[in-house]
Amino acid sequence: MLHSFRAPLLAITLAAGALAPGSALAQVSELKIMAPAAPGGGWDQTARAMQQTLQGEKIVPNVQVQNVPGAGGTIGLAQFVNSAKGDPNQLIVGGYVMVGAIITNKSPVNLSQVTPIARLTGEFEAIAVPANSPLKSMADLVKALKADPQKVSWAGGSAGGTDHIAAGLIAKAIGVDPTKVNYIAFSGGGESLASILGGKVTVGISSLSEFDAQAKAGKLRILAVSSAERLPDAKDIPTLKESGVDVEIQNWRMVAAAPGITAEQKATLSGIVEKMAKSKTWIDTLKAKGWADTYLAGPAFEAQLAKDIASTQTILKDVGLAN
């Protein structure tokens, strides 16, 4: 989810320095958001939704998005950590996928080296097959996995990410060795979707929004979602649990700032992101894309992030993806 990151750094204008409680939002003229993935996937969609909202709501006049794909976001993260240090006009989108990828790829950089701003959205996983697949239900997929897990090829996002973890948890839940899962990692949602639609893999796993349009067009069949209960906008899709597979998992996405920025600069960026997250454009975007509003910021988000990193390490060990 390899491109170099060579664009010139943009200038930022802070009109007021520190944000005192109740003061007006400091003015920022330009921002650059890195999506550490190929176009079409969840991080790319998130970065571009932020761009459209920030500009459309006139919060920040000029917002650029840069795609730097590869290795579950860790290539982009490394470039961001190294090139953006101390720069208050750069942000990076990340999330649960990156947490897992850092562990499985033994990444030399990690999320402790950026400045967390906020968790933005959450989304459940969906398991899908081409419309002409002989697999008509989750029960059919379970049967195929039990017969020979290596004959069932899965297309999903980066190794160690939410999709990979979910596939491993599904295998484990039905008594199949998770290390035998035949998982094919793609760096962007567009590539993964093409392989599913083209019949190059048995099954695809991704966030529900990435399959929604093709499912509605009759090109994909969604077998199950990873939520605890059926989703309001997808009441016809059964959950994994009601299909007899005891797995519940939610992907989440976040935004972080550069390492080495000042407390005042962090406060300014936090204020910008909070204003964006409460805007009508953003709320409408979440609804249109089927993303849950899981906005969490400040010390509460930093504590939750630390907890998620620890629990992911445990899960990855369980499914054979980490030592």
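How are H5 and H10 oriented to each other? I looked up the axes first: helix H5 (residues 162-173) and H10 cross at roughly 55° and come within 10 Å, so the two helices are oblique to each other. I take axes as lines fitted to C-alpha atoms, for helices over the stretch in contact, with angles from 0 to 180 degrees between N-to-C directions. Angles under 35 degrees count as roughly parallel, over 145 as roughly antiparallel, 65 to 115 as roughly perpendicular and the rest as oblique.

Notes on the model. This is a predicted model, in which local features need pLDDT of at least 70 and side-chain atom pairs count only at pLDDT 80 or more, while totals for chains, interfaces and linings use all residues. Residues are numbered from 1 along each chain as its sequence is written, and side-chain values use heavy atoms, with hydrogens and water left out. Helices (H or I, at least four residues) and strands (E, at least two) are DSSP runs, numbered from the N terminus.

Entry: H5 on H10. I noted a left-handed crossing for H5 passing H10; left-handed means that the near helix is turned anticlockwise from the far one by less than a right angle, right-handed that it is turned clockwise. From H5, Ile165, Leu169 and Lys172 meet Thr312, Ile315, Leu316 and Asp318 of H10, where contact means heavy atoms within 4.5 Å. I sorted this contact by class and got four nonpolar, one polar and two charged residues. Here Ala, Val, Leu, Ile, Met, Phe, Trp, Tyr, Cys and Pro count as nonpolar, Asp, Glu, Lys and Arg as charged, and the others, Gly among them, as polar.

Entry: H3 on H10. I found helix H3 (residues 96-104) packed on helix H10 (residues 298-318) at about 55°, with the axes 10 Å apart. This pair is therefore oblique as well, and H3 passes H10 in a right-handed crossing. The contact takes in Tyr96, Val99, Gly100, Ile103 and Thr104 of H3, and on H10 it includes Leu305, Asp308 and Ile309. By class, the contact of H3 with H10 has seven nonpolar, four polar and one charged residues.

Entry: H1 on H9. Helix H1 (residues 42-56) and helix H9 (residues 280-289) pack at about 150° with axes 9 Å apart, and I recorded their crossing as right-handed. Gln45, Ala49, Met50 and Thr53 of H1 meet Thr281, Trp282, Thr285 and Lys289 of H9.

Entry: Aspartate 44 lies in H1 and counts as buried because its relative accessibility is 5%. Buried means under 20% relative accessible area, exposed over 50% and partly exposed in between (1.4 Å probe, protein chains only). I traced the side chain of aspartate 44 to the backbone nitrogen of glycine 40 at 3.0 Å, and found its polar contact with the side chain of asparagine 67, also at 3.0 Å. A polar contact is a pair of N or O atoms within 3.5 Å; within protein, one must be able to donate a hydrogen and the other to accept it, and residues adjacent in sequence count only if both atoms are side-chain atoms.

Asparagine 67 is in strand E2 (residues 62-67) and is buried at 15% relative accessibility. I also noted its side-chain polar contact with the side chain of arginine 48 at 2.7 Å.
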